[in-house]
Each structure stands twice: as structure tokens, then as C-alpha cells.
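This report looks at the open spaces of one protein model and at the residues around them. Please keep the sequence and the structure in view while reading.

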Amino acid sequence: MNDFNLKDKVAVITGGAGVICSVMAKSLAAHGVKTVILDLNKDAATKVALEIEKEYKTSSLGLSASVLDKSSLEAAKKEVHEKFGPIDILVNGAGGNSPSATTKVEKMEGSENPEDTFFGLQIEGFDKVFDLNFKGTIIPSMVFGPDMVKKKSGVIINISSMNSYRPLTKIAAYSAAKAAINNFTQWLAVHFSKTGVRVNAIAPGFLLTNQNRFLLVDEKTGESTPRGRKIISNTPMERYGTPGELTGTLLYLASDLSKFVTGIVIPVDGGFSAYSGV
Ligand code: NAD
């Protein structure tokens, strides 16, 4: 197989200006994919697209849209059709957690300030995290999926997390939203199974990025927090992963190498999900 057979495919990467998805977009571009960097942040999306064109000599387009706003996605699709044609690959990468859906204490004892526990979580925080991660995966799949069904070929790759298998302490909403993504990945894979469109997910282990830095690194000292240390000691490889380490799995799922693979979630986690901690 030559170069994964990805040359001149068109990929939309939501959250494409972010830490993980900008690297994913670059790894697709390195294999000749025309990339659409779709992000809330227009300037950051344009910057990534320019970097890609310069570095990989492959067309790239930075577009501003929200994964929660269908009309902005429809407008983006129109522009992609005009510039690149129909979409072959969708990476649903926009996602993240919110402090308002994060408890301060891990295990409640009953004597602490209720505000620091489950009882202090904001329903608005749950809405925000569920919307961004779960609906933010569903809506782009609705908007960009029809191109693939029409071509009888295409790939949707969702971004899950370790907390989708077993919830992590503190982040109730984010864990449940990522579990919903795994479930939806299976559901949509079955629903699309006769159309030629495959649907899979990647569950990254722990990477140090903007969305989790407030939990893993002490802002004042720059030292690892107790939670950060716990993550490292529960990751058999004893380190954080890097965005580049997700790209092998991405290329596998995006290409014909995984032609008979649909409805799975692949952990890329340095062994975290295999380790009991003992
Ligand atoms: P990031 O914050 O660097 O990137 C997220 C990007 O999404 C940002 O560029 C942001 O502007 C964009 N975005 C936010 N809301 C949007 C919206 N409504 N519409 C369009 N774009 C929007 O995050 P990251 O760490 O690179 O995470 C990328 C994905 O990987 C997320 O789904 C995250 O949940 C998942 N993930 C991250 C880790 C980790 O350790 N960082 C681990 C597992 C899974």
C-alpha cells in the first residue's frame, strides 16, 4: 500500500487549532491529505493552516465555526466544497473539561464544605461539558457525514479519553461525556455499517495540555500536583504522552489499513488502562 492511500483526501479536523488536533492535522497533511482546520478560534486555525501549507506543501484551510452551531458548520462545509470538494475524513477533536464541573475534593468525607464536593458542581458546567464533547461530536457528524455516505466511503474518528472506561475523580461531567462518545461511536458504526463509512475513536492517555494543566501542575511552583504524580505512577511507562504519539493510530484508522475496523475505541495510553496500580 502506497503511503496509506490518503493522498488528496479531504479531512475536517474540529478543534484543529488545539494542542492535540493541530498535530493530528499535520500528520494527515504529511500524507497528502487536504486539511480543514475548523476551530472557534479563527486566528489560531488560520495560523495552523498556514504552517501546514508551508511545511507540507499540501492545501490547508483555517475556518472558524462552532461544533455546537449547525449553521456555522453548514457554512464551513460550503466553503470546503468550493475549495476542496466533498469530505472524506472527519476528526471530532473539539472537546474539553470545565472547572465548574470539577469537584475540589476527590473522595467526600462529609465534614468538608459542600461547595467543594459533588454538591457544589454547577449544572451549567455539566451542560457545557456535555454539549462540547458529546453534542460537539454528534452535530459535525450530521453535517459532514452525508458527503461520505454519498461517496460510499469515509471515516469518522472521535476523540475519547481514559476516563470513558473508568471515571477519573473530580471530573464527573467530562468522564460521563467521554463515555457517551464511546457508546455513540459504537452506535453510529453500526448505523453506518452498510454505507461504507467507518466510525472509530481514539482514547488518549494523559498528555499535559491547556485543558488539564490546572489540575496537574501547581501554578505557583511549576511542580507536579499530587494528582499529576498519581497519573505518572499509574501509567506503566511513567510519563505523559505527546500529541505525536497519537498519530500512528490516527493514520491507521483514517486509512484503508483499517478497512474492516469499525466501532472500536483504541487506547493510546502508555499502559494506563491495562494497569491495576499494583
Ligand atoms: P485544546 O484545548 O488544546 O484544543 C481544543 C480546541 O477546540 C481549541 O483550539 C478550541 O478553540 C477548540 N474548541 C473549543 N470549543 C469549540 C467549539 N465549540 N467549536 C469548535 N472548536 C472548539 O485541547 P486538547 O488537549 O488538544 O484536546 C483535544 C481533544 O483531546 C479533546 O476532545 C480532549 O477532550 C481530548 N483529550 C485530551 C487529553 C489530554 O490529556 N489533553 C486526553 C484525552 C483526550
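## Pockets of the predicted model

The lining of the largest pocket receives at least two residues from each of α1 (19–29), β2 (34–39), α5 (172–191), α6 (213–216) and α7 (226–234), and α1 is the largest contributor, with three residues. Helices (H or I, at least four residues) and strands (E, at least two) are DSSP runs, numbered from the N terminus. The model is predicted, so local features need pLDDT of at least 70 and side-chain atom pairs count only at pLDDT 80 or more, while totals for chains, interfaces and linings use all residues. Residues are numbered from 1 along each chain as its sequence is written, and side-chain values use heavy atoms, with hydrogens and water left out.

A pocket is an open set of points on a 1 Å grid over the protein atoms alone, where a 1.4 Å probe fits, with protein on both sides within 12 Å along at least five of seven lines; lining residues have an atom within 4 Å of a point.

Of the 14 residues lining the second largest pocket, L168, T169, K230, N234 and F272 are the closest to its centre. For the largest pocket, the lining has 41 residues, with G93, G95, G96, Y174 and Q211 nearest the centre.

Because domain 1 (10–97 + 128–205 + 246–267) and domain 2 (210–240) both give residues to its lining, the largest pocket lies between them; the domain bounds come from an automatic or database domain assignment.
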